[in-house]
Amino acid sequence: MGKTILKVQDLTARYGPIQVLHGINLQVSEGEIVSLLGANGAGKTTLLNCICGLHSAKEGTVEFDGQEITRIPAEKVVRQGMAHVPERRQIFSTLSVEDNLWLGASHRMREAGKQVILQEIDQIYQRFPILRERKRQMGGTLSGGQQQMLAIGRALLSKPKLLLLDEPSLGLAPLIAKEILQIVQEIRDQWGTTVLLVEQNAIGALAVSDRAYVLQTGTVMLEGTAKEIVSDSRVQSAYLGKAHA
Amino acid sequence: MDRLLHVNTISKSFGGVQAVNNVEFHVHAGEIVALIGPNGAGKSTVLNMVSGVFPPSSGEIRFDNRFMSTVRGHQYAAAGISRTFQNLQVFDDMTVLENVMVGFHSRTRSGLFGCGLGSGRSRREEKFMREQSYRLLKQVGIAELAEKTAGNLPYGKLRLLEIARAMAVEPKLLLLDEPAAGLNHTETAELSLLFKRIQAAGTAILLVEHDMDMVMNVADRIVVLDQGEKIAEGIPEEIQQNPKVIAAYLGQEEVAV
Amino acid sequence: MTEFLQYIANGLVIGGVYAIVAVGFVMIYNVSKVINLAQGEFLMLGSMLTVSLISMDIPYAAAIVLAILLVTGIGVLMQKYIIGLAKKATPLSLIILTIGVSILIRGIASQIWGKDSYTLKPLTGNDPISAAGVSVAKQSVWVVAAVLIILIALWYLMEKTVTGKKIKACSVNTLAARLMGVSPSKMAMLAFGISAAAGAIAGIVIAPLNVTSYDVGTLLGIKGFSAAILGGLGSPLGATVAGLLLGLLESLGAGLISSGVKDAIAFLVLIAVLLIKPTGLFGERSVGKGGL
Amino acid sequence: MLPKVKTLRKGVVVYLLLVILFPLLLADSYYHSVGVIVGLHAIVAIGLGLVMGLAGQISLGQAGFWGIGAYTSAVLAAKYGVPPVLGVMIGAIVPGIVAFIVARAIAGLQGYYLAMATLAFGYIVQIGIAEWESVTGGANGMISIPPLDIFGIGSSEVSMYYLVWGVVTLVLLFSLNIMNSRVGRAYRAIHKSEIAATSMGVDVAQFKLSAFVVSGMFAGLSGALYAHYMGILDPQPFGLHESIKFLTIVVVGGMTSIWGALIGAVVINAIGEILIVLGEHLPWLKGDIDTIVFGAILVAIIMFMPEGLVPRVRSWLMKSKGDTRSEIRSEKVEMETVS
Amino acid sequence: GGGGQPAAKQTKDPIKVGAVFSLTGPNSPLGVPEKQAVEMMLKKINDGGGVNGRPLEIVFEDDKSDNTEAVKAVKKLISKDKVIAVLGSSGSGPSLGMAEVASSEKITMISMAAANQITDPVRAGIYKTPHTDIHGTKRIYNYLKEKGITKIGILYDSNPYGSGWAEQLKKFAPEYGITIVADEKYGTKDTSMSTQLTKIKSTDAKAIIVAGTNPGPSTIVKEAKQLGISIPIISSHGSANSKFLELAGDSANGVLLVAGKLLVPELVEANDPQAPVIKEFVKSYSAAYNNAPDGFAGYAYDGLNLLVEGLKLSGGDPAKLGQALENVKYVGVTGEFKFSSSDHNGLTEDSMIMVEVRNGKFQIVK
Ligand SMILES: Nc1ncnc2c1ncn2[C@@H]1O[C@H](COP(=O)(O)OP(=O)(O)OP(=O)(O)O)[C@@H](O)[C@H]1O
Ligand SMILES: Nc1ncnc2c1ncn2[C@@H]1O[C@H](COP(=O)(O)OP(=O)(O)OP(=O)(O)O)[C@@H](O)[C@H]1O
Ligand SMILES: [Mg+2]
Ligand SMILES: [Mg+2]
């Protein structure tokens with residue numbers, strides 16, 4: 001494993017007066033896939049939002065690639081090489097599929113050049129052929145699963161060092177859901193992109209992860225390698241359901 | 001058993017996209033039918049047509065011995081159909097309880113002037129709605145959140161809230177679009193139990209869901225769509241073995257489980 | 001017959017003005033979903049500043065450029081320090097906010113320039129241009145030219161550049177735009193700057209046709225808003241067509257029916273169009289009931 | 001649930017005391033006339049609040065209904081000798097009918113398109129009044145409209161005050177009742193998601209329609225009272241300027257609250273009165289400085305409390321009581337720019 | 001509103017009078033000079049020992065050019081300040097609203113607004129000083145008759161000022177043998193009137209009468225020129241001021257206007273009874289405010305003087321004031337006022353003159 005690319009220290013966050021994160025500590029090394037598990041409302045989404053600057057943390061620090069980014073707004077953090085596939089997808093509903101993808105690469109336009117990006121978009125189309133078929137359709141009229149593919153494709157186009165994925169398999173057919181997780185692994189293997197993954201499908205997620213954190217009501221309840229987590233009895237009963245019980 | 005819902009060769013196209021193509025199936029009273037298929041197969045579109053969001057381009061839908069083509073959107077609730085949404089449509093500035101109370105709209109009558117003047121009926125209905133809504137919240141297990149503003153709930157709880165709100169209509173048929181999305185296994189298992197209870201009380205369910213544990217667990221029958229067409233129909237055991245379904249949707253491993 | 005042609009010519013000139021104002025509305029709306037009812041004040045500022053600068057013995061052309069730059073700056077500042085800070089405002093309260101800003105600007109203008117009207121001399125000579133019994137002021141040509149230039153420039157920006165895509169992205173989904181590395185507040189400032197500049201240009205090209213004063217912005221703002229809506233809020237082209245149409249309606253209404261009800265006729269047609277096409281002539285793109 | 005009802009009652013009692021005592025405490029007919037105007041604005045604003053805050057529909061043409069009410073009653077009384085009391089009632093019904101017809105046509109429009117259509121409606125009404133000279137007196141207007149004289153109380157300033165505020169009270173209670181009822185929730189549901197509301201059985205079109213009709217009636221009622229109070233009418237006050245004033249009142253007071261409309265009317269008029277008094281003492285506050293100040297206040301209120309005065313004050317009070325609900329809600333809006 | 005400073009040694013109770021002018025809002029270009037004229041005259045009156053030996057005190061209010069505010073203001077003056085008479089307001093709408101209150105409260109009022117309705121029908125105690133549109137109409141029609149013009153087009157602002165004119169123009173046309181062949185209006189804030197002019201041009205009108213206040217008429221004469229309209233344009237007193245010349249520029253040349261004599265003080269004939277009054281007023285106003293008075297200042301000046309005459313006649317008894325004014329004969333800057341029980345304006349069309357713009361200057365016609 002390489003150097004630490006993301007380091008979260010004593011992070012707290014609140015919505016108004018309600019505190020939802022109580023001192024989170026978390027580290028991700030370059031090239032790792034790390035899963036973030038936890039029940040509904042545990043604070044996974046909030047944590048991701050704090051990391052990328054969509055939500056501003058109350059206390060604590062976030063370090064990314066050696067720089068502190070704690071209260072830097074998302075649009076800047078993204079340009080430093082972090083991509084975030086947010087909860088509920090957030091695609092540009094009235095823009096075409098292709099424009100959605102272009103926007104993913106928009107902040108690299110100057111350095112990379114149009115040709116390179118066209119090629120990259122083509123790679124995304126190869127991975128998700130349905131998107132090529134629908135490239136003129138408005139994003140908002142895609143089916144739920146198609147939208148999810150678009151959101152992931154769009155994020156990949158920013159060539160991130162660190163990719164945050166918030167429930168990428170939500171709403172995907174089993175076949176695709178599995179494929180997405182494989183894709184996550186491929187992305188890491190091909191490009192060395194580091195991934196921080198939030199998933200409800202704990203088994204699937206752990207299968208592709210190196211390490212994992214389990215969040216419970218805003219605190220880290222457990223951390224360890226994927227193997228350790230899978231075999232933890234508390235995790236088994238709470239998150240893995242009957243399949244492993 | 002009665003045929004509660006009969007979907008008779010309906011199709012829908014959006015511009016050039018043939019989203020649903022001659023799909024036919026039915027749901028009996030008190031039955032749970034699952035509608036599955038790959039992303040973009042047309043499941044939500046079918047659900048939208050059955051719930052009156054838009055009409056089919058061709059074909060017809062019969063519910064409770066009525067042709068639904070002449071029924072207007074807001075009359076579906078009174079007719080006995082209610083639904084939840086894949087992309088949540090919660091009234092997020094109302095409290096959780098109030099959200100459910102809206103569900104009682106079709107079962108109450110007091111009008112603008114009755115409510116404005118505080119008529120006896122409006123007050124009786126208000127009390128009825130409050131009590132019943134609270135009961136429904138208990139049933140789905142979020143009664144303790146009753147007075148919270150709905151918008152502040154986490155995703156999973158919102159799904160439960162939508163179910164409670166849909167139940168308030170006292171539907172004969174409940175349409176659920178991916179109710180388990182975003183829930184973990186434990187929560188999904190609880191939800192399955194809830195559906196069984198709803199079914200036991202006599203409500204039929206048409207369920208769109210990608211979580212095969214849930215589908216196999218609760219569905220009496222399964223209809224499989226692919227690219228807008230029905231490719232299979234049967235009881236869970238049959239569907240799990242159906243090679244077409246495996247190829248298009250489930251994938252090999254799932255069968256092994 | 002010549003009257004009829006003259007009505008059309010008159011209508012197109014007024015309509016051109018409405019069109020430029022409407023394009024300003026569309027521009028800001030496209031980025032921030034704000035209807036900036038202070039748009040008319042940009043026109044007023046453009047013409048009044050030009051008048052003032054000329055009276056300070058600054059050459060005509062320089063005064064115009066300077067006035068446009070000043071108004072652009074005011075537009076940017078307005079976004080940065082007022083509209084942009086009202087993050088929690090709903091669209092309805094944003095309407096009131098922009099109305100408040102316009103009252104404020106108008107009030108300040110009346111302190112600076114008083115309530116009197118002023119004239120601005122035409123860009124090129126006073127003589128009318130006539131053909132086939134129809135005559136228009138030479139200045140009208142400038143109005144038409146301004147419409148075309150602004151429209152083409154905007155079309156290029158929105159359709160052919162990445163900045164254009166970024167602007168659209170902000171309008172559709174700000175959160176996602178931020179995740180694409182696009183700063184919505186910068187885009188909004190850009191949009192306000194462009195709208196303000198367009199408004200200032202409009203103010204300057206029309207002032208010589210009649211007069212200008214601290215309160216010319218109000219009515220032009222309303223007319224521009226009408227045209228923006230009639231065209232279908234998202235579309236600069238729609239706004240232009242609708243602006244011209246509105247001008248024609250008023251002129252033909254006054255010419256063929258009655259000058260007392262010309263505005264009523266224009267508004268009735270507007271409502272009628274909305275009844276048939278609820279999102280205007282070139283309706284905004286919407287996903288309708290998709291993606292439920 | 002129960003505490004809500006209690007605070008409501010407490011609010012109404014305080015309100016009634018203030019309304020009754022005001023003319024006695026400030027026993028000067030000038031203040032009574034200010035009170036009358038505030039009341040007239042409040043009636044319109046409460047109706048507009050129902051349309052905007054509850055049903056989420058914007059109206060930039062409310063002064064149109066106000067004007068129809070005013071002219072209906074004035075013409076009936078001045079030209080046809082109809083007793084003003086009857087005229088006022090008809091003056092409420094006619095705009096209601098107009099609102100019904102207009103809303104049937106335009107209630108299907110969304111957002112700014114609806115705003116434009118209502119604005120256009122307002123213009124058409126104003127032009128119509130000015131052009132229908134034979135009945136309305138055209139741009140020159142009408143004079144000598146008989147005053148309201150109910151129960152022989154006479155048309156003194158105080159009796160007008162109590163009459164107007166009696167109407168305000170009825171309108172207020174009616175609207176408060178609606179707010180927390182089946183109908184009110186249906187409105188709010190439409191506001192959030194028309195599709196979800198429809199699937200719950202809410203007839204969206206009909207509800208939007210009824211909100212417009214009620215607001216049209218309230219505006220007409222106020223307009224009719226205004227006509228008899230002023231004694232003269234011309235088309236000038238019934239234009240966009242006044243519509244915007246009503247809108248401002250509602251937004252400043254807080255759209256989501258019925259009390260907001262009332263408080264908004266008080267606050268906006270109070271600002272006007274304070275500026276008049278200040279102008280007498282601060283010579284530099286002459287000329288149109290007061291419009292600048294007014295514009296600035298408007299901007300400041302929207303910037304710093306976009307949800308409006310009443311919801312803001314309420315959340316302060318709740319916070320001091322340890323209740324945090326509405327605070328969260330305002331926080332939420334920030335994230336909600338989402339789609 | 002401050003008020004007059006009573007001279008130091010006067011001990012008697014002041015006579016309290018209210019004045020409502022449009023000091024802000026669209027009518028403020030009217031209201032501000034009106035207030036200035038009143039303030040100037042007030043100082044002079046009190047310096048000269050007041051009225052009937054009592055100092056005069058004037059309480060000023062601003063109606064913001066708004067009817068409702070005007071009504072509120074006059075109520076305030078009556079109930080709080082206990083004034084015995086009111087001057088104002090500048091605009092017709094606010095004046096009519098005030099008149100309603102004043103007549104029901106039996107307070108004397110003198111308005112500075114144009115509308116004929118203020119004094120027609122006559123109401124006890126309600127007066128006005130400006131020329132009405134009737135005078136203007138008759139003056140113009142007399143001129144047209146002399147020139148033998150019988151067919152005209154009219155183009156007027158749709159506001160009360162323009163509409164009032166239109167009403168009189170239409171009413172008196174038959175009496176003078178004139179046919180109105182085009183009847184067009186425009187909105188106060190409209191940016192172009194070309195279409196209305198085109199329409200008039202297409203008729204056989206031999207003259208255009210324009211009724212409106214600035215800037216409308218200046219736009220009209222400019223556009224008329226662009227359209228090549230060559231028939232005479234006659235404009236109402238609403239645009240008879242130097243601003244019109246400035247805004248219309250070259251296009252103003254040849255335009256005829258009907259106006260009060262105050263427009264051209266130096267051209268008033270010496271044997272005119274108004275000549276000394278006008279001269280004196282222009283001198284003192286210019287000295288006080290550094291610019292020449294316009295017609296509005298004149299209306300207010302005459303209004304206050306008329307009120308003072310009335311106070312003198314009634315011996316300061318507020319109850320008799322309204323009646324007493326009917327007997328006042330007074331030569332003012334606006335004209336020679338002869339109030340009577342059937343005429344509360346007291347002017348005739350002789351108080352108006354016709355002027356023509358030549359080389360950017362007003363010249364009296366004939
Ligand atoms: N905008 C908000 N305003 C107020 N509270 C919020 C807001 N968003 C989330 N919360 C609260 O913060 C807590 C954490 O929410 P978060 O969305 O981070 O959880 P999560 O782990 O992502 O849940 P899920 O699995 O359902 O997506 C929850 O209790 C939720 O109610
Ligand atoms: N309004 C629309 N315009 C154009 N195409 C549409 C529209 N709505 C749906 N579609 C297309 O119709 C097809 C079916 O969509 P639908 O939402 O029914 O799929 P689904 O089976 O629910 O998929 P998922 O499981 O991903 O939610 C998709 O290809 C989608 O892109
Ligand atoms: Mg989450
Ligand atoms: Mg779907």
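Predicted model: local features only at pLDDT ≥ 70, side-chain atom pairs only at ≥ 80, totals over all residues.
**Exercise 1. The interface of chain D and chain C**

Task: Determine how many residues the contact takes from each of chain D and chain C, and describe the side that chain D contributes.

Solution. 

Step 1. Begin with the residue counts. Chain D supplies 44 residues to the contact, and chain C supplies 55 residues.

Step 2. Consider the area. The two chains bury about 4,100 Å² between them, and 80% of this lies on carbon and sulfur atoms. Of the area that chain D buries against chain C, 20% comes from D:Y112, D:Y113 and D:M116, more than from any other three residues.

Step 3. Examine the polar and charged pairings. Between chain D and chain C there are zero salt bridges, while three residue pairs are in polar contact, both residues being at pLDDT 80 or more.

Step 4. Identify the elements involved. Those of chain D that give two or more residues to this side are helix 4 (84-106), helix 5 (111-131), helix 11 (240-253), helix 13 (289-304) and helix 15 (325-335). Helix 5 of chain D gives the most, with eleven residues.

Step 5. Sort the residues by class. The side of chain D that touches chain C consists of 33 nonpolar, seven polar and four charged residues.

**Exercise 2. The interface of chain D and chain E**

Task: State how many salt bridges and how many polar residue pairs are counted between chain D and chain E, and describe the side of chain D that takes part.

Solution. 

Step 1. D:Y30, D:N140 and D:I143 supply 23% of the area that chain D buries against chain E, more than any other three residues.

Step 2. Count the salt bridges. There are three between chain D and chain E. In one salt bridge, the side chains of D:E157 and E:K75 meet at 3.3 Å, N to O.

Step 3. Count the polar contacts. Twelve residue pairs are in polar contact, both residues being at pLDDT 80 or more.

Step 4. Assign the elements and classes.

**Exercise 3. Two domains within chain B**

Task: Describe how domain 1 and domain 2 of chain B are placed and how they touch.

Solution. 

Step 1. Locate the domains. Domain 1 of chain B covers 14-64 + 172-257, and domain 2 covers 89-166. Taken over C-alpha atoms, their centres are 27 Å apart.

Step 2. Describe the contact. In it, 13 residues of domain 1 meet eight residues of domain 2. The domains bury about 720 Å² between them, 71% of it on carbon and sulfur atoms. B:L174, B:L183 and B:L194 supply 39% of the area that domain 1 buries against domain 2, more than any other three residues.

Step 3. Check the pairings and the elements. The interface of these domains has zero salt bridges and three residue pairs in polar contact, both residues being at pLDDT 80 or more. Strand 7 (173-177) and helix 7 (185-200) of chain B each supply at least two residues of the domain 1 side, and helix 7 gives the most, with five residues.

**Exercise 4. Two ligand sites**

Task: Explain why the sites of ligand 1 and ligand 2 are each described as shared between chains.

Solution. 

Step 1. Consider ligand 1. Of the 20 residues around ligand 1, those that come nearest are A:N40, A:T45, A:T46, A:E87 and B:N152. Chains A, B and D all provide surrounding residues, so this site is shared between chains.

Step 2. Inspect the distances. Oxygen atoms of ligand 1 lie 2.8 Å from a side-chain N or O atom of A:K44 and 2.6 Å from one of A:E87.

Step 3. Consider ligand 2. Among its 22 surrounding residues, the closest are A:R134, A:G145, B:K43, B:S44 and B:T45. The surrounding residues belong to chains A, B and C, so this site is likewise shared between chains.

Step 4. Inspect the distances again. An oxygen atom of ligand 2 is 2.6 Å from a side-chain N or O atom of A:R134, and a backbone N or O atom of B:G42 lies 2.9 Å from an oxygen atom of ligand 2.

Notes. Residues numbered from 1 in each chain as written. Chains lettered and ligands numbered in written order. Heavy atoms only, no water. Contact = heavy atoms within 4.5 Å. Buried area = accessible area lost by both parts, 1.4 Å probe. Salt bridge = Lys/Arg side-chain N within 4 Å of Asp/Glu carboxyl O. Polar contact = N/O pair within 3.5 Å; in protein donor to acceptor, adjacent residues only side chain to side chain. Helix = DSSP H or I, 4+ residues; strand = E, 2+ residues; numbered from the N terminus. Nonpolar A, V, L, I, M, F, W, Y, C, P; charged D, E, K, R; others polar. Domains from an automatic or database assignment. Near = heavy atom within 4 Å.
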